[in-house]
Amino acid sequence: MALRTQVGIVGAGPAGLVLAQLLHQAGIDSIILEARAREYVQERVRAGVLEQGTADLLDSMGLGERMHREGIVHHGIYLRFRRQSHRIPMSELTDGRSIWIYGQQEVVKDLIEARLAAGQQLYFEVSDVTPHGFDGDSPRLSFSRGGESEEIECDVIAGCDGFHGVCRPAIPDGALTIYNHEYPFGWLGILARVAPSTDELIYTNHERGFALHSLRSPELSRLYVQCDPHDDIARWPDERIWEEMHARFATEDGWKLDEGPIVEKGITPMRSFVAQPMQYGRLYLAGDAAHIVPPTGAKGLNLAVHDVKLLAEALTRWYESGDDSLLRGYSDACLRRVWRVQHFSWWMTSMLHRLGGADDFENQLQLAQLDYVTTSRAAMTTLAENYVG
Ligand code: APR
Ligand code: PHB
């Protein structure tokens with residue numbers, strides 16, 4: 001016998017989990033299907049910056065308790081170039097808005113716990129998830145669980161299954177316009193058991209390439225260096241990573257980077273990607289399933305959360321009054337923000353990285369832009385208001 005729910009959600013990342021929680025609070029029933037095991041989803045190390053709006057939403061959903069206890073509020077960031085640091089006082093420039101440092105996997109843990117505590121359905125380790133019938137009025141999700149084939153009948157499907165998911169590819173050829181931009185570099189990221197050497201994030205433009213000093217807690221630092229996206233992590237023993245970090249973060253006044261045991265490391269390629277429209281019939285895409293941004297603006301999670309906030313509002317309106325105007329306008333409403341954020345993330349990336357084959361002219365332009373952004377209040381405000389969201 002088929003299972004029945006109102007909204008069938010594919011993927012238990014931030015997008016799927018926040019959507020399910022918002023729907024639950026509006027009295028709308030959903031089932032989440034997730035390919036991976038709970039432990040895997042919760043331990044995956046990802047970015048760690050929450051915009052004010054994202055933190056406020058988690059708060060309003062009653063999910064901010066641990067974030068308030070363990071998260072760290074930051075009111076500025078540093079841009080470092082020509083071996084000098086320049087602070088962007090974000091809160092001062094944006095009427096007091098700020099960002100929260102709280103790991104994405106912590107957000108995911110809190111969401112999964114809330115979902116299960118509310119007795120709501122979330123199936124881990126399912127396979128062969130396939131969306132059907134979404135071009136008509138009887139959408140279904142077929143899948144396998146524990147070797148058995150099952151099916152969910154629903155009113156709409158939410159494709160929250162990330163960049164490599166099955167929902168976007170299920171939309172017929174030609175219905176989507178794809179915008180894809182791959183960068184000729186990636187980020188090598190580490191998590192190190194050492195107190196952060198900085199009070200706020202440092203974004204560095206250096207001749208040897210970009211570097212970022214971020215953090216997770218008073219004992220855990222998160223650092224990145226620009227690298228070849230096809231490089232093999234085996235070629236980066238810990239000593240080489242630290243050597244590169246020291247070289248890129250060095251300042252003329254002798255700022256010191258503290259080392260500690262590296263507990264996690266990996267290389268991620270960078271791309272900008274948009275599939276539009278973000279809907280087809282009764283299938284709605286949200287988060288990484290519809291768009292990817294390079295991590296330089298720390299926007300991936302925040303954009304995913306913004307999508308599902310709009311989707312939850314649209315579905316609530318539809319269920320309450322039969323009015324489908326917000327649902328019809330879902331994609332357009334999301335894409336306005338998506339493209340603003342795409343531009344910001346591309347701009348930050350272009351300003352801070354050594355561009356493949358860049359000649360001295362381009363490097364000088366980057367420095368001119370950095371000088372401007374750190375001295376003109378107008379330019380600084382542009383960066384700040386985009387960064388805090
Ligand atoms: N069936 C079921 N689940 C799937 C399938 C599938 N075929 N394919 C992918 N998934 C699951 C993944 O295992 C993952 O848990 O969908 C989830 C998608 O989650 P995310 O990739 O985290 O994407 P999203 O929720 O949109 O969040 C975006 O995550 O990738 C980061 O930096 C990105 O911060 C951004 C945020
Ligand atoms: C992180 O802490 O992982 C992080 C912070 C800022 C970014 C990207 C990643 O721009």
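Is Glu-51 buried or exposed? At 4% relative accessibility, Glu-51 counts as buried (under 20% relative accessible area, with exposed over 50% and partly exposed in between, using a 1.4 Å probe and protein chains only). The model is predicted, so local features need pLDDT of at least 70 and side-chain atom pairs pLDDT 80 or more, while totals for chains, interfaces and linings use all residues. Residues are numbered from 1 along each chain as its sequence is written, and side-chain values use heavy atoms, leaving out hydrogens and water.

Glu-51 forms a salt bridge with Lys-299, with the closest N and O atoms 2.6 Å apart (a salt bridge being a side-chain nitrogen of Lys or Arg within 4 Å of a carboxyl oxygen of Asp or Glu). Lys-299 sits in the loop between β21 and α9 and Glu-51 in strand β4, so this pair ties together parts 248 residues apart in sequence. Lys-299 is buried too, at a relative accessible area of 1%. Arg-337 also forms a salt bridge with Glu-51, at 3.3 Å; Arg-337, at 28% relative accessibility, is partly exposed.

Turning to ligand 2, 14 residues surround it, the closest being Tyr-203, Ser-214, Arg-216, Tyr-224 and Pro-295 (a residue is near if one of its heavy atoms lies within 4 Å). Polar side-chain atoms approach oxygen atoms of ligand 2 to 2.8 Å from Arg-216 and to 2.6 Å from Tyr-224, and a backbone N or O atom of Pro-295 lies 2.8 Å from a ligand oxygen. The protein covers 99% of the 280 Å² of accessible area that ligand 2 has on its own (Shrake-Rupley method, 1.4 Å probe).

Notes: Chains lettered and ligands numbered in written order. Polar contact = N/O pair within 3.5 Å; in protein donor to acceptor, adjacent residues only side chain to side chain. Helix = DSSP H or I, 4+ residues; strand = E, 2+ residues; numbered from the N terminus.
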